[in-house]
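Subject: Handover of a structure, with notes

Dear colleague,

Please find below the structure that I am handing over to you. My notes on what was found in it follow directly after.

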Amino acid sequence: MTKGLLCFAGVIIAVVCACFTDAYGQTSNSNSTSRQTEEYLNMPSIAPIGVKIGKYMDVPPSALGPAIDAAKGYRVQDLGSGLYMITDNAYQSMFLVYDRGVVVIDAPPPFAEHIPEAIAKVTDKPVTHLIYSHSHADHIGGAKSLGGHPIIIAHDDTLRLLKRAADPNRPLPTVTFSDKYTLRVGNKVLELSYHGNAHEPGNIFISAPAQRVLMVVDVVFPGWMPWRRFALAQDIPGYFAQVEEIGRMDWDTLVGGHVARTGTHADVDMQVEFDRDVKNAAAKALASTTPGVGLNPADKGNPWAVFDDYIDRVAGQCVNTLTPKWSNRLAAFDVYIWDQCYAMEQSLRIE
Ligand SMILES: [Zn+2]
């Protein structure tokens with residue numbers, strides 16, 4: 001998206017507005033009409049939310065993972081000692097094989113129907129346990145594809161949220177915990193623990209100590225920008241703290257629940273650095289931007305409009321600050337940087 005294109009979009013919006021003005025017979029003097037077409041000063045070259053562009057920036061090689069067999073629609077990655085990741089290169093789940101059965105961790109609907117066949121290639125043992133990382137339908141809504149009646153383990157808050165959701169595709173957990181839970185099956189161990197609200201209440205850490213694997217879903221996105229608004233984090237300060245906590249923990253392979261590959265400590269370090277840079281950029285923009293400047297005087301009795309204009313200018317400055325350093329380091333920077341800046345300025349103002 002070039003600045004020229006943005007100007008062009010502005011002209012189109014102005015023309016559309018003019019049509020509506022005529023259609024509804026609103027009175028508006030030429031001065032206020034022309035003010036509506038003015039751009040914000042120093043408008044970023046990255047398209048703002050809701051503006052369609054021809055082509056997003058290319059995904060850098062650092063964000064890619066091993067290819068998917070298109071006919072199968074998924075791939076399986078051996079994480080060692082009976083633990084496997086299954087992924088369609090957009091979602092990730094895991095399964096652990098022990099002497100008498102299989103423990104599945106999450107069942108994302110996009111490939112959940114393939115989980116039984118993926119397991120069957122490794123073992124003929126039944127699925128005895130299912131662990132929910134958290135309550136969100138996009139990670140566990142394929143639970144019924146596993147068949148049978150596995151023991152379902154989750155956090156207390158996940159049970160609470162699933163009772164409220166009353167979704168037949170997300171059967172209720174049968175075993176819950178509040179702080180820590182160790183699952184021992186045969187000679188295999190998974191350590192489940194809760195580290196507070198960040199993405200949503202009940203989102204747990206799943207550690208496989210023998211395999212040196214940590215699974216935390218919807219918090220770290222190896223090689224990529226977090227999903228919009230820091231992956232819809234319900235507590236942004238808590239989310240930032242959780243990314244740092246993951247970085248301090250002892251593991252070799254991170255399974256983040258999304259994107260095309262597993263993560264390393266370098267990926268977590270990069271996200272910590274990005275989070276800090278967004279926070280600093282938004283804080284600086286909040287401090288250096290004055291509400292109401294440049295606003296149409298006719299809107300000054302509308303506090304919602306005053307704040308909308310202020311927040312737009314803060315977010316624009318935040319995007320401008322981050323673009324030179326980050327636009328080529330994390331995949332999809334251009335897709336979600338406005339969302340991250342809007343989420344950050346709001347968090348800094350009210351949390
Ligand atoms: Zn989620």
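Leaving out residues up to four places away in sequence, D106 touches S93, I115, L130, I131, Y132, S133, H139, I140, M215 and V217. Please bear in mind that this is a predicted model. D106 itself sits in the loop that runs between β4 (101-105) and α3 (115-120). With one of the residues it touches, S133, the side chain of D106 makes a polar contact of 2.6 Å. Does D106 have a salt-bridge partner, or does it have none? D106 is buried and has no salt bridge, and the nearest side chain of opposite charge, that of R170, is 11 Å away. A salt bridge requires the nitrogen and oxygen atoms to be within 4 Å.

V217, which is among the contacts of D106, is found in the loop between β11 (213-215) and α6. Its relative accessibility is 0%, so V217 counts as buried. Apart from neighbours within four places in sequence, V217 is in contact with D106, S133, H134, H139, N203, G256 and G257. V217 and L254 are 37 residues apart along the chain, and their C-alpha atoms are separated by 9.7 Å.

The zinc site

H134, a contact of V217, also belongs to the zinc site. Which residues hold the zinc ion? The protein donors are H134 (NE2), H136 (ND1), H199 (NE2) and D218 (OD), at 2.1 to 2.2 Å from the ion. Along the sequence, these donor residues follow the spacing H-x1-H-x62-H-x18-D. H136 lies in the loop between β5 (127-131) and α4 (137-140), while H199 lies in the loop between β9 (188-194) and β10 (204-208), so this pair ties together parts that are 63 residues apart in sequence.

Why is the arrangement of the four donor atoms irregular? The angles that they subtend around the zinc ion run from 90 to 170°, which makes the arrangement irregular. For comparison, the ideal angle for four tetrahedral donors is 109.5 degrees. Two of the donor residues may also be described by their accessibility. H199 has 3% relative accessibility and therefore counts as buried, whereas H136, at 23%, counts as partly exposed. The limit for a buried residue is under 20%.

Salt bridges

Side chains of opposite charge can pair when their charged atoms come close. How many salt bridges does a search of the whole structure find? The search finds 14. Several of them are described here.

- K55 and D58 meet through their side chains at 2.9 Å, N to O, and both residues are exposed.
- R261 and D267 form a salt bridge of 2.8 Å, N to O, and both residues are buried.
- R228 pairs with D339, with 3.6 Å between the closest N and O atoms. R228 lies in helix α6 (residues 228-232) and D339 in helix α10, so the pair ties together parts that are 111 residues apart in sequence. R228 counts as partly exposed because its relative accessibility is 33%, and D339 counts as buried because its value is 5%.

A331 is located in the loop between α9 (303-326) and α10 (333-350). At 0% relative accessibility, A331 counts as buried. Not counting residues up to four places away in sequence, A331 touches V59, P60, A63, G223, W224 and M225. A331 and P222 are 109 residues apart in sequence, with 9.4 Å between their C-alpha atoms.

In helix α5 (residues 156-165), which residues are buried? They are D157, T158, L159, L161 and L162. The elements that cover these buried residues include α4, β6 (151-155), β7 (175-177) and β9. Just after α5, A166 adopts a positive phi of about 45°.

The chain as a whole

The protein chain has ten helices and twelve strands. Of its 351 residues, 49% are buried. Among contacts between residues at least 6 apart in sequence, 63% join residues at least 24 apart.

Yours sincerely,
A colleague

Definitions and conventions:
Residues numbered from 1 in each chain as written. Predicted model: local features only at pLDDT ≥ 70, side-chain atom pairs only at ≥ 80, totals over all residues. Heavy atoms only, no water. Donors = N, O, S within 2.8 Å, 3.2 Å for Na, K, Ca; no water. Tetrahedral: all angles 85-135°; square planar, octahedral: opposite > 155°, others 65-115°. Helix = DSSP H or I, 4+ residues; strand = E, 2+ residues; numbered from the N terminus. Buried < 20%, exposed > 50% of the residue type's maximum accessible area, 1.4 Å probe, protein only. Lys, Arg positive; Asp, Glu negative; His and termini not counted. Polar contact = N/O pair within 3.5 Å; in protein donor to acceptor, adjacent residues only side chain to side chain. Contact = heavy atoms within 4.5 Å.
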